[in-house]
Amino acid sequence: MDNDQIQDSKSKIQSPKSKIRNQITVALAGQPNVGKSTVFNLLTGLSQHVGNWPGKTIEQKTGTYNYNGTKVRIVDLPGTYSLTANSLEERIARDYIIKERPDVVVAIVDAAALERNLYLVAELLSLPAPVVLGLNMMDVAEQQGMHIEPHVLEAALGLPVVPMVATKNQGVRELVEAVDRVSQGEGTYAPSRPEIREDHRMVLAELQRLIAGAVPAPYPEDWVALKLLEGDEEITSMMQERLDEACWQEVHAILMQHEDAILAVAGGRYEWIGRMIRAAVARPRVGQITLTERLDRWATHPFWGLLILLGMLGLIFWLTYTIGAPLQELLDTYLVQAGAEWVRSALNGAPAWLVGFLADGVIGGAGMVITFLPILVIFFTALGLLEDVGYMARAAYVMDRFMHLMGLHGKSFLPLFLGFGCNVPAVMGARVVEGERARLLTILVAPLVPCTARMAVVAVLAPIFFGPHAALVSGGLVGLSLVMLAIIGIALHELVLGGEHVAFIMELPLYHLPNARTICLSVWQRLVAFLKKAGSIILVVSVVVWALSVLPGGEIESSYLAAIGRLLGPLGALMGLGWQMMVALLTSFVAKENTIATLGVLYSTGEEGARLAEALSGVLTPAAALAFLAVQMLFIPCVATVATVRQETASWRWTAFSVALLLVVSFAVGIAIYQGAMLVGWGV
Amino acid sequence: MNEERIPLSVLAPGEVGVVRQLAGGRGFMSRLAALGFTLGVEVTMVQNFGRGPLIVLVRDTRVALGRGEAAKVLVGRTTNG
């Protein structure tokens, strides 16, 4: 970009007026679906850092650019419709502005839905940071037959307004200049601010009088009074602590009397918005049918919408199997196995434990990470594309009635469905779900979706145990997984997450052409996040499991892992399973496919295929075999998924909870199946 | 002219109602207000199949609402007579 001039500020003569500044911080705010991330990507390019907000499951993006010798640090705030404490996103956004005091707040708004978008701006203006307005999607507004005069809007609002078409890289330079001017205090910044509706002004004044002097820094007093009246839970409990009892009683009485004051506050804001845009926006009153309307007749139809959704999902999985799976095999053969071979021959003569450690432990773990990449790229691209085009909201709308039965939001459907391919993108895809609780619930149930690796194990073992009934058993196992997912979803929703009804209120954004840059960056960021955070955990765990399986003697039969398996013997006995089967389950933690390899090592005498089948069919009764397959379907997911759960929840506690939950559930189901079968006398 | 006050969820596609009351907790009202639902605003029903969620148009925005949520939004439907 042309404003990326990296200059040494000391070598430049500063004009006497301007302060000497080396760095300023800009917060990027906006409602969802306004092209905020496109603007962020244009401003920061690859200088982005993606992480989580401290201690939160919400992604935080920061980046920098240089302009006229000033380093500008941009913090991308979560996209929110307002700044009430309705959601964690809203709390994060407003806390950042109030507590971190950015030098400038850039508010990106969608020109085609200006009225609703200015609602957030109305809220931003009551916080202590100057606002620059990025009037994005000017082209869409024109297509919708709206004509907006940015200068008139600028004069009415009393703050810089920059018309933009971020998808065509228009207006970004002007935005950067406006930020620079405002941060230096140049030009006039005298914003018009909204007021509460007339009938509530006395009440607001009374509240302000009552709380005067008791509001902790850095909260602005008039803002706190307004939030009290809005019924903001966080601010209400903060003031309850701060005020003395008598004063709180007075405040509380006022609040109880005006329970619907939020409508007066919101009404006041929309009245103000109406005054701001009256002169600036011209629109013909025509009932033209837009592209979005025409597409939505099909995409949101209860029947056709479902068919379209299924078609898209079919396409994604077809791509995965025709492109992803062969690539995965190629990587495995030519990179991972070849790498292991190379290590073995290069280290010819070195101690066996060192060769084993490098070839099986390290390369095995790293290889697992690498072979995941093709599938992840396909899934993340599909997810990013559907999100960017605007289809995601339609899929959520169509699926909401079904997901609702499990206490889940419609938006949880797509990430969970991707879980059939692989649980890792399912857990990462939960980012599209709004609301922290709903997102956490999605992450917790995602490992119950049977992924391809689990199905591969079933595909090998079911025919060995059940012969001609294998297909029936496999289908039943998938059904069992989904039923358990529903039961656990409902139970978690009620017990752990408070049973709070998630109101289904969702914007259906206008469809628009996908932006390749936005999608590529989102795929890139998710891949980097997986490699960086999850990758290291996977590597460590696979090395540890490898070590346990060869120490102390070098044979798995006499290893520590086998000892653990024998310790678990009594538990296995409840399901009719020997210690070897328990060891197989333990090794499936590294990768599900390991189940078969381990059973091969433990049961056969070195020969492959038929011998394993022979050996296995002899040691397990049908009841025990069914219990084993059920446990393996519901067991803790592979380490890649667990590592991703840790990364996405940013909490070891929830990760441990997830693992413990699945351990308990899988063994409980296994025991129930075996004991139930014994009771009715089947398969013993 | 008199006005009949009905839940938003009973409007047929194409019908227009004026929001008169939001029944529900503060959190619910606040979320709806942020999406443009305030007293006096015009809401156009876009899709309503009589069951399941529905779609309305409010302040240039298409919003999907659960049926339960839509039932808590009371609108005035203006009729002649």
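In chain B, B:Leu54 stands opposite B:Leu65 in strand β5. This pair belongs to a predicted model, where local features need pLDDT of at least 70 and side-chain atom pairs count only at pLDDT 80 or more, while totals for chains, interfaces and linings use all residues. Residues are numbered from 1 along each chain as its sequence is written, with chains lettered from A and ligands numbered from 1 in the order in which they are written.

Strand β4 (residues 54-58) of chain B runs antiparallel to β5(B), and the two are joined by five bridges. Strands (E, at least two residues) and helices (H or I, at least four) are DSSP runs, numbered from the N terminus, and two strands pair if DSSP finds at least two bridges between them.

Taken over the two chains, 29 residues of chain A are in contact with 28 residues of chain B, contact being C-beta atoms, placed from the backbone, within 7 Å. On the chain A side, the elements giving two or more residues are α3 (114-124), α11 (261-278), α15 (391-404) and β10. Of these, α11(A) gives the most, with five residues. That side of chain A splits into 15 nonpolar, six polar and eight charged residues. Here Ala, Val, Leu, Ile, Met, Phe, Trp, Tyr, Cys and Pro count as nonpolar, Asp, Glu, Lys and Arg as charged, and the others, Gly among them, as polar.

Elsewhere in chain A, helix α24 (residues 579-587) is mostly covered, with eight of its nine residues buried. It packs against helix α25 (residues 594-603) of chain A at an angle of about 145 degrees, with the axes 8 Å apart. Axes are lines fitted to C-alpha atoms, for helices over the stretch in contact, and angles run from 0 to 180 degrees between N-to-C directions. From α24(A), the contact uses A:Gln580, A:Val583, A:Ala584 and A:Thr587, while the residues from α25(A) include A:Leu599 and A:Tyr603. By type, the residues of this contact are five nonpolar, five polar and no charged.

Conventions:
A residue is buried if 20 or more other C-beta atoms lie within 10 Å of its own, exposed if 12 or fewer, and partly exposed in between; C-beta atoms are placed from the backbone.
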